[in-house]
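Here is a set of questions and answers for someone working through the coordinates residue by residue. Please keep the structure open while reading.

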Amino acid sequence: MKKTTPEQIGKIVKETRRSMKMTQKELALTSGAGLRFISELEKGKPTCQLGKVLTVLNTLGITLAMVSPD
């Protein structure tokens, strides 16, 4: 199974935000996160707070699938 990296999450967030014609500032305001957080998330910072990441993903309509090992 392929592992998901912070960089992959950041890339998806950035691509989705741009496809929605939304600025980082607008995403920050809409999701309740700071502009710096959005910037760091999109750059793949591995220490971003999980709760905030999930909030941003939900704001953009991105779903995260988890599969437990058999």
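Q: Which helix has the lowest mean pLDDT among the elements of the protein chain?
A: The model is a predicted one, and the mean pLDDT of its protein chain is 94, with 99% of the residues reaching 70 or more. Among the elements of the chain, the highest mean, 98, belongs to helix 3, while the lowest, 96, belongs to helix 4.

Q: Is Thr-16 buried or exposed?
A: Thr-16 has its place in helix 1, which covers residues 6-19. Because a residue counts as buried under 20% relative accessible area, the value of 19% for Thr-16 makes this residue buried.

Q: Which residue has its backbone oxygen 2.8 Å from a polar atom of the Thr-16 side chain?
A: Leaving aside residues up to four places away in sequence, Thr-16 touches Leu-60 and Ile-62. A polar atom of the Thr-16 side chain also lies 2.8 Å from a backbone oxygen, and that oxygen belongs to Ile-12.

Q: Within what arc do the buried residues of helix 1 fall, seen down its axis?
A: The buried residues of helix 1 are Gly-10, Val-13, Thr-16 and Arg-17. They line one face of the helix, because, seen down the axis, they fall within an arc of 135°.

Q: Which exposed residues does helix 1 carry on the face turned away from its buried side?
A: The buried residues of helix 1 pack against helix 2 (24-31), helix 3 (35-42) and helix 4 (50-60). The face turned away from that buried side carries exposed residues, namely Lys-11, Arg-18 and Ser-19.

Q: What is the phi of Lys-21, near which value?
A: Lys-21 follows helix 1 in the chain. The phi of Lys-21 is positive, and its value is near 55°.

Key: Residues are numbered from 1 along each chain as its sequence is written. This is a predicted model: local features need pLDDT of at least 70, side-chain atom pairs count only at pLDDT 80 or more; totals for chains, interfaces and linings use all residues. Side-chain values use heavy atoms; hydrogens and water are left out. Helices (H or I, at least four residues) and strands (E, at least two) are DSSP runs, numbered from the N terminus. Buried means under 20% relative accessible area, exposed over 50%, partly exposed in between (1.4 Å probe, protein chains only). A polar contact is a pair of N or O atoms within 3.5 Å; within protein, one must be able to donate a hydrogen and the other to accept it, and residues adjacent in sequence count only if both atoms are side-chain atoms. Contact means heavy atoms within 4.5 Å. The arc is that of the directions from the helix axis to the C-beta atoms. pLDDT is the predictor's confidence in each residue, from 0 to 100.
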